[in-house]
Amino acid sequence: MPRRGGPLPRVAVIGAGVSGLTLARVLAGAGFPVRVLDKGRGPGGRLSTRRDADGGTFDHGAQYFTARDPLFVAQVEAWVAQGLAAPWQGRIGTLEPGAVTPSAKESVRYVGVPGMNSVAKVLADGLDLRSGVRVERVSRDGKAWRLTSDSGEDLGLAEVVVAAVPAPQAVPLLAGAPALADQAKGARLSPCWAVMARFEAPVALALDGAFVKDSPLSWVAREASKPGRASGERWVLHGSPEYSAAHLEETPEEVAPKLLEAFAQALGTGVRAVEAVAHRWRFSMPSPPLDTRALYDAEAGLGACGDWCAGPRVEGAFLSGVALARRVVEGVRGP
């Protein structure tokens, strides 16, 4: 791409999920000075993997990803070639009281190897990334934006600031571009309670992943069925959007046994967990996403991206990050 005269603008990306990391990689590859700031302990957002006391892992956020768009297909093929992802050959179907129905042949489902966060780690590799910092305020300082943390720490200046976080968290960060903030306010994201459960005995279900009907649960998955995972009977249980919203402010200790009981009811048999830990995803599934791949005000130098823009999948988050990167580049260098 042709460069304009003078240095390229500094870019601050708030959020190290798939969309933010993808955006940062594209812009860094185009020569922009990019910093990524994230409140989590590591990159990935909902591409999260948690380890238990026995060394096993749980993908308690995104369960898998599919690839339809040619751009994402090419990226997934590259990850597979690098050994960072692989098709999940697990038996998938639906589970409802008294009935188990295997799914017909569908599109290939991929997972990160040895965990979903493997993809996030390679996206973050080489980027200027700072974890464990929450950006609370973005305020105008001359021709740039000054970022300030929730503890009052000055996080420096950037000419372009991108909120790659859930829409409700993006709204205050976009205050300098009211039209974008209003668009972000229109996005709705449902919550999801996730339970990471370890069992001594095998769970009597002839499926490795199941969409659950007529239950407080929406999805369950056997972790060991995914490539590269440790052996052992570990399951991730996702609460339905309705159940998760109704019990949003309960504690993890209250939610875990309730969703375990819902699992037993769906199976039609008792289950005894050795360990069960709940995690709340307050902003999980966009319902529905906005009808745009990304938000950007080139004059203000403010933007936002995420699956709540482009679609409720890992692919949607990736494509949103790419779309916004293109708009930032075009704002500086022309179409």
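Me: Contact means heavy atoms within 4.5 Å. On that basis, what does Ser-118 touch, not counting residues up to four places away in sequence?

Reply: Leu-84 and Val-113. This is a predicted model: local features need pLDDT of at least 70, side-chain atom pairs count only at pLDDT 80 or more, and totals for chains, interfaces and linings use all residues. Numbering starts from 1 along each chain as its sequence is written, and side-chain values use heavy atoms, leaving out hydrogens and water.

Me: Is Ser-118 buried or exposed?

Reply: Buried, at 9% relative accessible area (buried is under 20%, exposed over 50%, partly exposed in between, with a 1.4 Å probe and protein chains only). Ser-118 belongs to helix α3 (DSSP runs: helices are H or I, at least four residues; strands are E, at least two; numbered from the N terminus).

Me: How does α1 pack on α3?

Reply: Helix α1 (residues 18–29) meets helix α3 (residues 117–124) at about 30 degrees, axes 9 Å apart. They are therefore roughly parallel (under 35 degrees; angles run from 0 to 180 degrees between N-to-C directions).

Me: Which residues meet there?

Reply: From α1, Leu-21, Thr-22 and Arg-25. From α3, Ala-120, Val-122, Leu-123 and Ala-124.

Me: Switching to the sheet. What's the strand order?

Reply: β7-β6-β15-β16-β17-β14-β18, an open sheet of seven strands with mixed pairing (a pair needs at least two DSSP bridges). β7 (99–102) and β18 (273–286) are the edges; each has a single partner strand, so one side of each lacks a neighbour in the sheet. The twist averages 20 degrees from one strand to the next.

Me: How many bridges join β6 to β15?

Reply: Four, and these strands run parallel. Gly-93 sits opposite Ala-210 in β15.

Me: What lies across β14?

Reply: Helix α7 (residues 252–267), running at about 75 degrees to β14. Helix α7 also lies across β6, β15, β16, β17 and β18.

Key
Angles under 35 degrees count as roughly parallel, over 145 as roughly antiparallel, 65 to 115 as roughly perpendicular and the rest as oblique.
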